Amino acid sequence: MKKTVFPILLWLIFETVAVVLWQAKDNLFYLLNFSYIGTSLAIALLLFARRHPHARRVSQLLIGTYMLVYLGLICQENMQIEGFWYYLFTGVFEAATIHYAVAKIFGPLLFGRGWCGYACWTAMVLDFLPFRQPHAPRKKLGFVRYLTFIASLLLVAGLFLCHVGNLERIMFWLFIAGNIAYYAVGIALAFALHDNRAFCKYICPITVFLKPMSYFSLIRVTCDKEKCVSCGKCRQVCPMDVDVTDNTRKRKNGTECILCMECVKACPKKAL
Ligand code: SF4
Ligand code: SF4
Ligand code: SF4
């Protein structure tokens with residue numbers, strides 16, 4: 001019974017957002033969209049509670065393909081960072097801006113980088129690659145994320161300043177091109193550095209929002225020091241190199257935690 005409380009609670013939070021946005025914007029899309037995402041997450045968490053080995057993958061596939069194929073390709077809504085800038089500049093508080101506000105800017109105060117672990121369509125593919133646990137030390141390439149972040153902002157600002165026409169159409173093609181580039185770079189980096197999540201660690205511009213907000217995350221994995229025997233298994237299996245045995249907010253790579261729970265599953269003492 002206890003194990004079903006959290007999935008139900010999460011589902012209720014998403015339903016509340018769905019109903020509030022549906023009523024506030026007078027648009028049924030929000031009810032369907034957030035209900036679908038909340039239900040997908042709740043199903044994955046229920047599977048997780050039953051120790052299903054692919055619970056997180058279920059969520060990634062349900063939400064990731066929905067956002068990429070339905071929202072991106074069929075509805076032609078650019079949910080990449082350039083789409084966020086575009087809708088922000090045009091003053092449109094619609095799907096892409098709401099998505100960023102909920103999943104990537106304010107939501108991380110509650111659920112950290114849950115987006116990265118359970119919903120992102122880029123990581124949905126990268127997580128199928130063979131390098132789940134990085135074995136090489138982390139590279140000093142984190143600065144690249146700021147370059148891609150600034151480049152996306154300058155690109156969209158440039159389109160506005162140059163009064164380029166048919167921007168809606170351009171944003172759609174940028175979505176296609178951006179995704180192809182993300183997958184190509186992400187897969188190449190994973191093989192080059194033997195690390196599925198190298199793209200997330202060094203390149204992804206969205207982490208410029210995600211990292212500072214998730215620092216304050218309410219939901220986080222903590223360690224019971226009484227039980228921990230310092231075996232190091234949690235560090236070995238962590239795809240993001242987090243020192244999860246340190247309970248402070250300043251833990252090493254703490255803002256990288258994607259709540260995948262691999263460390264929790266691996267801990268022989270159930271200390272996490
Ligand atoms: S870091 Fe970026 S690419 Fe990686 S999971 Fe998060 S949003 Fe997706
Ligand atoms: S796996 Fe568990 S017991 Fe081992 S170091 Fe991590 S928290 Fe401690
Ligand atoms: S293994 Fe643990 S510390 Fe590492 S990302 Fe997953 S949940 Fe976070």
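A pocket, as meant here, is an open set of grid points with protein on both sides within 12 Å along at least five of seven lines, and a lining residue has an atom within 4 Å of one of those points. All views come from a predicted model.

**View 1. The largest pocket and the residues nearest its centre.** Here we look at a space of about 1200 Å³. Its lining takes in 44 residues, and Phe6, Leu45, Phe48, Tyr118 and Met261 are the ones nearest the centre. Helices H1 (2-25), H2 (28-49), H3 (55-74), H5, H7 and H14 (262-266) each give two or more residues to that lining. H2 puts in the largest share, with nine. Sorted by class, the lining has 33 nonpolar, six charged and five polar residues.

**View 2. The largest pocket between two domains.** Domain 1 covers 78-219 and domain 2 covers 222-272. Both hand residues to the lining of the largest pocket, so the pocket lies between them.

**View 3. Helix H12, tucked in among other helices.** Six of the eight residues of H12 (residues 207-214) are buried, so the rest of the structure largely encloses this helix. The buried ones are Thr207, Val208, Phe209, Leu210, Lys211 and Ser214. Among the elements covering them are H4 (81-89), H5 (95-105), H6 (108-111), H7 (114-118), H9 (144-161) and H11 (198-202).

**View 4. The shell around ligand 2.** Around this ligand sit Cys228, Val229, Ser230, Cys231, Gly232, Lys233 and Cys234, along with Thr245, Cys267, Pro268 and Leu272. By class, that makes seven nonpolar residues, three polar ones and one charged.

How values were computed. Residues are numbered from 1 along each chain as its sequence is written. Chains are lettered from A and ligands numbered from 1 in the order in which they are written. This is a predicted model: local features need pLDDT of at least 70, side-chain atom pairs count only at pLDDT 80 or more; totals for chains, interfaces and linings use all residues. Side-chain values use heavy atoms; hydrogens and water are left out. A residue is near a molecule or strand if one of its heavy atoms lies within 4 Å of it. Ala, Val, Leu, Ile, Met, Phe, Trp, Tyr, Cys and Pro count as nonpolar, Asp, Glu, Lys and Arg as charged, and the others, Gly among them, as polar. Buried means under 20% relative accessible area, exposed over 50%, partly exposed in between (1.4 Å probe, protein chains only). Helices (H or I, at least four residues) and strands (E, at least two) are DSSP runs, numbered from the N terminus. Contact means heavy atoms within 4.5 Å. On a 1 Å grid over the protein atoms alone, a cavity is a set of points where a 1.4 Å probe fits but cannot get out, and a pocket is an open set with protein on both sides within 12 Å along at least five of seven lines; lining residues have an atom within 4 Å of a point. Grid points are joined across faces, edges and corners, and a volume is the space filled by probe spheres set on the points. Domain bounds come from an automatic or database domain assignment.
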